[in-house]
Amino acid sequence: MNYQLLIESYSLGSCLSEQEIELLSLELETQIMNINISTEFGFLKSAPSHICEGLNLKKDTYWIMCLAEILDLNKPPQFGKTKSVEVFDLLLEKGLVIG
């Protein structure tokens, strides 16, 4: 299933299965690896405002940040940085967001 459909579904109130959470986790890792190759991928585009609103994120949040937020909510780290912080730090390092 398309990760964007899972994100939209979750933002509208659906629950995610363990398998879907694992798929989203693999998707995030793939996207993080691809940031180092190119910034031309769709996950660096803004998610629609209804999705950002459903996740309590600011308007025009990147898809990759929405994905990280969902993983933080469903599979929070036991220690260390959250996925959202890791992704934000990477985007900041690449000059894709302003801190």
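**Note on the predicted model: loop, cysteines, aromatic pair and pocket**

1. N56 lies in the loop between α3 and α4, where helices (H or I, at least four residues) and strands (E, at least two) are DSSP runs numbered from the N terminus. The phi of N56 is near 60 degrees, a positive value in a residue other than glycine. With a relative accessible area of 70%, N56 is exposed; the cut-offs are under 20% relative accessible area for buried, over 50% for exposed and in between for partly exposed (1.4 Å probe, protein chains only).

2. On the basis of this note: the model is predicted, local features need pLDDT of at least 70, side-chain atom pairs count only at pLDDT 80 or more, and totals for chains, interfaces and linings use all residues. Residues are numbered from 1 along each chain as its sequence is written, and side-chain values use heavy atoms, with hydrogens and water left out.

3. D60 is also placed in the loop between α3 and α4. Its phi is near 70 degrees, again a positive value in a residue other than glycine. Most residues other than glycine have a negative phi. D60 is partly exposed, at 47% relative accessibility.

4. L55 belongs to the loop between α3 (49-54) and α4. L55 is buried, its relative accessible area being 6%. Leaving aside residues up to four places away in sequence, L55 touches I7, Y10, S11, C66, E69 and I70; contact means heavy atoms within 4.5 Å. From L55 to I21 the separation is 34 residues in sequence and 16 Å in space, C-alpha to C-alpha.

5. How many disulfides does a search of the whole structure find? The search finds zero, a disulfide being a pair of cysteine sulfur atoms within 2.5 Å. C15 is in no disulfide, and the nearest cysteine sulfur, that of C66, is 18 Å away. C15 counts as exposed, at 70% relative accessibility. C52 counts as buried, at 0% relative accessibility.

6. The count of aromatic pairs comes to one. Rings of Phe, Tyr and Trp (its six-membered ring) pair if their centres lie within 6.5 Å; planes under 30 degrees apart count as stacked, over 60 as edge-to-face and the rest as tilted. The pair is Y3 with W63, and it is edge-to-face because the ring centres are 6.2 Å apart and the planes stand at 80 degrees. Y3 lies in helix α1 (residues 3-11) and W63 in helix α4 (residues 63-74), so the pair ties together parts that are 60 residues apart in sequence. Y3 is buried, with a relative accessible area of 13%, and W63 counts as buried at 9%.

7. S25 is in helix α2 (residues 18-35). With a relative accessible area of 14%, S25 is buried. Residues up to four places away in sequence not being counted, S25 touches L71 and K75.

8. Which residues line the largest pocket? They are L57, K58, D60, T61, Y62, M65, F88, L91, L96, V97 and I98. A pocket is an open set of points on a 1 Å grid over the protein atoms alone where a 1.4 Å probe fits, with protein on both sides within 12 Å along at least five of seven lines; lining residues have an atom within 4 Å of a point. The lining divides into eight nonpolar, one polar and two charged residues; Ala, Val, Leu, Ile, Met, Phe, Trp, Tyr, Cys and Pro count as nonpolar, Asp, Glu, Lys and Arg as charged, and the others, Gly among them, as polar.
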